[in-house]
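Hello,

Here is the structure I promised to pass on to you. Have a look at it first, and then read my notes below.

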Amino acid sequence: MAFNAAKMSDALTRNKIEVPSGIGDGVLLDVFQGFVHELRAAGLPVSMTENLDAMRAVEIVPLSDRESLREVLAATLVKHFRHRSAFDTVFDVYFALHSGGVNPEEDAGRGEVGDAEENGGVPGQQGSGGSGEGVSNEEIAEMLLAALMSMDRDQLRELAAMAVSRFAGMEPGRPVGGTYYLYRTLRQLDYEALTGRMMQRAAEQVLDGETDSPDAPESLEARFQREEYEARLREFRDLVEAEIRKRLVADRGVEAMARTLRKPLPEDVDFMHASREEMAQLQKAIEPLTRALAARLAQRRKHRNRGQLDFRATVRHSLSYGGVPAEPRFKNPRVSKPEIMVVADISGSVASFARFTLQFVYAMAGQFSKVRSWVFIDGIDEVTNFFAESDEISEAIHRVNTEADVVWVDGHSDYGHAFEVFHDRHLSEVTSKTSIILLGDARNNYHASQAWVLKELRQKARRLFWLNPEPRGYWDTGDSIVSDYGVHCDGTYECRNLRQLERFVTAVIEA
Amino acid sequence: MAERFSSVQEVVDRLRSVDYLSDTGIAGVVYLADRLEKPILVEGPAGVGKTELAKAVAAVTGSRLIRLQCYEGLDESKALYEWNYKKQLLRIQADREHETDWAVVESDIFSESFLLTRPLLEAIRCEEPIVLLIDEVDRVEVETEALLLEVLSDFQVSIPELGTIVGKQRPIVILTSNNTRELSEALKRRCLYLHIDYPELEREKEIVRVRVPEIDEALAEQIAQVVRSLRSLDIKKAPSISETIDWARTLLLLGHGAVDQEVIADTLHVLLKYQGDIAKAKKELVTEGKSILRGTESGKTL
Ligand SMILES: Nc1ncnc2c1ncn2[C@@H]1O[C@H](COP(=O)(O)OP(=O)(O)O)[C@@H](O)[C@H]1O
Ligand SMILES: [Mg+2]
């Protein structure tokens, strides 16, 4: 199925999008500008230059080559790998393939639809979007299994279309993104059980029919087989999803559909509300940031490559140039042993933030050996070793949660007390090479702030930063006393998503 | 300038002819870079073929590869040009005896023969076709990045003592980054962007076969499967393509025609660099007392 301007205009007309009467390039231009507009709306920073580059790219690659078109457009418009997935969603909506709409059967007169039945061909072999009437659900299941076993992609695409027609129960005009339809279709196909059925089918195909006994540990070959089947099933799932979107686009029009599918970019996902999957993604992004941050804080001076001029060595060396000091010699800069201290609130009010906090601490500790960490509620405890000794963050977090002694009186935040204890135990260890990062919302339950501790810390330490997970608008409201502490810091930063964390790291690096 | 490629597919095919296996993403950007005369910024983890791409593109276009390897502290004098300060001093020194007119000396010591040409200037001056590779650009400081941006914008340089030198061609320029830091928006806007990730199983298998031709198909498949499996684990450093290839060579050297749990246990350190990762992978893949892989004769690893 090729993408072309005529079909596009056809699709646009059916989708009730207003297009100028001249078809062809004019339409394409409109689609294209709509596409870029939507990318911007989704948060991608597309500049004027990039927009022009993309227009030139479209002229260079034939529209019929949809995958190449996708890649060249991405190359001009997406400059961060985190944005690629948002781009792909918008691309799929705007450069959707020709489709029969939400209810192809009822949509009389639409060409491709229902070809399979009319031609009396084997359903699933031709046409698209037909529900394969006359084929039982069991037969569909069997065809699907066979197609997955041989990884027949064309067949899978047909089956995806058939399954959506039959099982999704799509209704025109409903403002949904399609997840519900996807879920329904997959459930009817017993998607979750398919890996198992494929494994079983494979075992039957092998001559000896040998299978692992269910409680034996998974053999290597079984593992690879499972992973292969899971990969194939993901591909099939994507086909079903694409089919659903295609129909939704036909039903509701590109713009409405794109709007429905809009999601925050990864850097704007709130740490507090991130899903498991999003958090895993974030973790990967946090890694390089903490590396950069640790490297910067570990540096003694910004340009510390050369030490002072070593006059005597320069003169001595100049003798080989007939007395010309041709090669200045430098003293080796003195090696410093910088240290980073991270002190984090893990009380109830920042519970959902603590997951990020600990991830941050974990990543920092992994970068740089001289990172020490503390957690506190109303009591405070050093947890450096939990991070140093754990290979996995989950293990470290578990130990923090079960072993750290952070409750002093009642387990309600008391920054003042925690800071005082920190002062008594560790002030002597803070030196001019120490950078301190505090994380918390500064909601102190109206206890004494003991802000003087920070004042003293700052005097001794090299730098002192405060990261606050609360939106800036909430600072200093209720029992939040960020400013009482903030005045003693080198900077207070709102830090509730990746973008803000990046901003903090950049600020530190460029300072 | 005549175009170097006539279609995306042609890029794929020609890169393959020099044993570089691309995909639509990689080939599409190369094709576009040639047409739009814009540099490519390639990002991705270490060992996924970023540097190799530049070499392959140079090879298939019959160009010389000029490489600027970036490092922390790289500055203009190492990237662009530098006056040969030692030679100049010696020249001045030698002149003291002859008492030559200073103006003569000055114009002499700021002439071509006292100039040290660095990769960027070399690229600008080059008459023959070249591919300019600016490797691991994320390692330079922001100031040097700005310099690179400037050079890439006009492909010319002005040396106060010598005047402006304008590039005679628009070579294919490839910048790579291992993503250790964010590059500036300005640089990104100037470039086409390509993110190379770990390859899909099929491509990786093919890469193993072209890079280590002695390996048969069944073993290549097993290798790719093990690597895919490892990458799905939650580990610190996933194996890259170069590690996959190293591992394939190791297996060959040790005479292993197939992969089993024992083989994996013995050679895992080639694929994984951290002790913690190795321990975890062993726990996952090498289960105590399980038999070796069966049924590989059929060519399928089922
Ligand atoms: N697409 C590919 N086709 C063939 N070989 C590849 C490919 N990608 C990577 N390699 C192999 O992996 C090695 C490492 O690649 P390299 O370009 O040095 O990685 P990077 O620059 O991304 O760190 C190369 O020397 C090459 O042997
Ligand atoms: Mg490299």
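Accessible areas here come from the Shrake-Rupley method with a 1.4 Å probe, and for residues only the protein chains shown count as cover. On that basis, chain B exposes about 13600 Å², and carbon and sulfur atoms supply 50% of it.

Two notes on how to read everything. This is a predicted model, where local features need pLDDT of at least 70 and side-chain atom pairs count only at pLDDT 80 or more, while totals for chains, interfaces and linings use all residues. Residues are numbered from 1 along each chain as its sequence is written, chains are lettered from A and ligands numbered from 1 in the order in which they are written, and side-chain values use heavy atoms, leaving out hydrogens and water.

Let's begin with chain B as a whole. You will find 14 helices and nine strands in chain B; these are DSSP runs (helices are H or I, at least four residues; strands are E, at least two), numbered from the N terminus. Chain B is more spread out than a compact globule, because its radius of gyration is 25 Å, well over the 19 Å that the globule rule gives for 302 residues. That radius is taken over C-alpha atoms, and the rule is 2.2 Å times the number of residues to the power 0.38. The C-alpha trace of chain B spans about 85 × 45 × 35 Å along its principal axes.

Now for one strand. How many residues of strand S8 of chain B are buried? Six of its six residues, 172-177, are buried. B:Ile172, B:Ile174 and B:Thr176 point one way from S8(B), while B:Val173, B:Leu175 and B:Ser177 point the other way. In a regular strand the side chains alternate between the two faces of the sheet.

Which strands pair with S8(B)? Strands pair if DSSP finds at least two bridges between them. Strand S1 of chain B (residues 40-43) pairs with S8(B) in the parallel sense over four bridges, and B:Val42 stands opposite B:Thr176. Strand S5 of chain B (residues 130-135) also runs parallel to S8(B), joined by four bridges; here B:Leu133 has B:Ile174 as its bridge partner.

Finally, in chain A, A:Thr290 sits in helix H13 (residues 276-298). A:Thr290 is buried, with a relative accessible area of 1%.

Enjoy exploring!

Notes
Buried < 20%, exposed > 50% of the residue type's maximum accessible area, 1.4 Å probe, protein only.
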